[in-house]
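Please open the model in your viewer, with a way to select residues by number and to display side chains. The tour below moves from stop to stop, saying what to select and what is to be found there.

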Amino acid sequence: MEYRSRATAAERLATDCLIVTVFAKKKLDDTTAALDGVAGGAVAAALRSGDFSGESEEMLMLYETAGVKAKRLLLLGLGPRKEFAPGALGGALAKAVKRLDESGSREAALLLPAALEEERQLYEAAKACVIRAEEALYRFDRCKSEKQRPSRPLRRLTFVAAERKATPPLERGIAHGKAVADGMSLARDLANLPGNVCTPTYLAEEAKKLGRRFDKLKVSALTEKQMERLGMGALLSVSRGSRQPARLIVAEYRGGRANARPVVLVGKGLTFDAGGISLKPSANMDEMKYDMCGGASVLGTLLACAELELPINLVGIVPASENLPDGDANKPGDIVTSMAGLTIEILNTDAEGRLILCDALTYAGRYKPAAVIDIATLTGACVVALGHHLSGLLGNDDDLIDEILAAGEAAGDRAWHLPMGKEYQKQLESPFADLANIGGKWAGTITAACFLSRFTEKYQWAHLDIAGTAWKSGGKEKGATGRPVPLLTEFLIRRCKLAP
Ligand code: BES
Ligand code: MN
Ligand code: ZN
């Protein structure tokens with residue numbers, strides 16, 4: 001969809017639908033009150049009638065309202081004013097946009113409430129609106145013969161402000177929001193594709209396609225032979241059980257000074273995780289096509305970054321492989337040697353993510369990174385701990401952790417810091433190798449991060465466990481979420497000091 005901003009008198013705007021926001025149980029916001037004045041008190045009448053009360057995400061459509069040029073007025077509830085934050089406008093707008101897309105409006109305008117005054121608030125509101133609207137309109141029907149698309153889809157949304165000085169922050173919010181939304185859509189598309197289509201090779205080809213779209217983005221993918229020469233014995237041990245060859249995707253975005261140290265994002269790209277010889281139970285195993293969501297979020301973030309031409313150097317590394325049972329697959333008790341030289345006893349072949357990530361994290365060290373963030377659907381334990389709401393966050397640098405937490409908060413894509421330490425590291429001891437690939441029953445998310453930490457000692461590092469946040473299970477809602485592209489892009493925008 002297309003987004004614009006305009007400073008104008010809302011009643012004079014010829015539009016299919018003017019969306020008017022209403023707070024619950026309070027006198028009308030100044031902007032809404034002014035409009036209601038010229039509209040003959042239609043909003044106040046709706047509230048008096050009891051048909052509409054301004055509860056969060058509530059909607060009421062009014063037709064042919066006198067005094068306004070718009071064909072329809074859509075009253076949109078924002079809930080109690082005291083609890084309102086600029087980002088929350090996005091959630092309500094998404095509901096409205098979805099409804100308009102499925103009815104007769106080709107374009108619409110959103111009258112911004114007077115509660116949004118400061119530059120920062122306008123920026124955040126516009127950004128959240130674009131992200132949430134695009135998220136709501138997203139469809140994945142590539143594998144359906146009959147695409148059920150609305151006959152008259154919504155094409156354009158205009159943000160309407162009273163004053164001209166509101167338009168620059170709105171425009172910046174729109175641009176940033178569109179980039180994040182595009183990154184999320186790419187991540188969602190790649191993740192929703194089935195494992196027989198989205199193989200490591202396919203993922204590498206898609207990454208290269210992305211590279212061809214931007215001058216500042218160079219993408220290559222190491223082959224198994226090249227990885228062998230680098231000594232990536234842990235990564236290759238996982239792909240040995242699969243007929244699909246592994247790839248190590250390396251994407252370099254150069255937007256910063258030539259000698260500026262890059263941020264490196266490393267994303268788990270397990271295009272299907274059956275568990276290997278430690279085979280998973282069959283219920284819901286199809287969802288393990290989502291085990292490449294970390295890798296997809298890295299590619300999505302690169303897209304957002306390249307679209308915005310952020311003045312930063314960014315490297316994306318995606319180890320891509322399948323994990324299947326096979327006569328040549330890893331067996332419990334096998335010992336492999338990682339690129340870092342550490343030997344690993346594989347006690348459970350289903351703890352494969354850390355095996356492919358550890359070699360990718362060692363490879364990341366080549367870039368003398370300013371910071372490394374890895375993103376992985378790493379542990380079922382993280383879903384037990386945090387459910388589907390927050391991502392797990394662990395790392396070796398408290399400043400980096402705080403920076404990521406703040407970015408997640410601002411982007412509405414939150415993470416929660418979990419501890420690490422010697423007690424947990426001890427759980428990874430092996431009688432036969434330098435370390436084991438599992439740490440026993442308890443604190444599975446933490447011991448997984450402890451495993452990774454042994455390969456990240458040379459730089460500032462954080463790990464996002466997105467096992468609970470990367471996709472939604474079950475019925476109609478099932479699908480990839482595009483998280484944590486919003487968090488990661490916000491992190492980069494803030495590093496570039498580009499948010500007001
Ligand atoms: N990809 C899974 C983690 C996962 C499971 C994510 C379910 C989302 C939902 C990972 O490779 C895995 O299998 N982890 C094991 C680790 C265990 C063997 C130590 C797990 O969480 O059970
Ligand atoms: Mn696994
Ligand atoms: Zn996995």
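With which side chain does the side chain of Thr379 make a polar contact? Before selecting it, note that this is a predicted model, in which local features need pLDDT of at least 70 and side-chain atom pairs count only at pLDDT 80 or more, while totals for chains, interfaces and linings use all residues. Residues are numbered from 1 along each chain as its sequence is written, chains are lettered from A and ligands numbered from 1 in the order in which they are written, and side-chain values use heavy atoms, with hydrogens and water left out.

**Stop one: Thr379**

Select Thr379 together with Asp465, whose side chain is the partner in question, at 2.7 Å. A polar contact here is a pair of N or O atoms within 3.5 Å; within protein, one must be able to donate a hydrogen and the other to accept it, and residues adjacent in sequence count only if both atoms are side-chain atoms. Thr379 is found in the loop between β14 (371–376) and α11 (380–386), where helices (H or I, at least four residues) and strands (E, at least two) are DSSP runs numbered from the N terminus. Its relative accessibility is 6%, so Thr379 counts as buried; buried means under 20% relative accessible area, exposed over 50%, and partly exposed in between, with a 1.4 Å probe and protein chains only.

**Stop two: Glu107**

Next select Glu107, which lies in strand β5 (residues 107–111). Glu107 is buried yet has no salt bridge, and Arg156, the nearest side chain of opposite charge, is 4.2 Å away. A salt bridge requires a side-chain nitrogen of Lys or Arg within 4 Å of a carboxyl oxygen of Asp or Glu, and in terms of charge Lys and Arg count as positive and Asp and Glu as negative, with His and the chain ends not counted. The side chain of Glu107 does make a polar contact with the side chain of Thr15 at 3.0 Å, and the side chain of Glu107 also reaches the backbone nitrogen of Asp16 at 2.6 Å.

**Stop three: salt bridges**

The structure holds 27 salt bridges. Select Lys216 and Glu309, whose side chains meet in one of them at 4.0 Å, N to O. Lys216 lies in the loop between α6 (200–213) and β7 (217–222) and Glu309 in the loop between α9 (293–307) and β11 (313–323), so the pair ties together parts that are 93 residues apart in sequence. Lys216 is partly exposed, with a relative accessible area of 36%, whereas Glu309 is exposed, at 53%.

Move on to Asp350 and Lys280, which form a salt bridge with their closest N and O atoms 2.8 Å apart. This pair links distant parts of the chain, with Asp350 in the loop between β13 (343–346) and α10 (353–364) and Lys280 in the loop between β10 (269–273) and α9, 70 residues apart. Asp350 is partly exposed, with a relative accessible area of 21%.

Then show Lys426 and Glu429, whose side chains meet in a salt bridge at 3.8 Å, N to O; Lys426 is exposed, and so is Glu429.

**Stop four: helix α15**

How many of the 11 residues of helix α15 (residues 485–495) are buried? The count is 9 of the 11, so the helix is largely enclosed by the rest of the structure; among the buried residues are Val485, Leu488, Glu490 and Phe491. After α15 comes Lys497, whose phi is positive, near 55 degrees. Most residues other than glycine have a negative phi, and most peptide bonds are trans.

**Stop five: two glutamates**

Glu57 also has a positive phi, of about 70 degrees, although it is not a glycine. Select Glu57 in the loop between α2 (42–49) and β3 (59–63), where it is partly exposed, with a relative accessible area of 31%. For Glu64, phi is near 45 degrees, again a positive value in a residue other than glycine. Glu64 lies in the loop between β3 and β4 (72–77) and, at 74% relative accessibility, counts as exposed.
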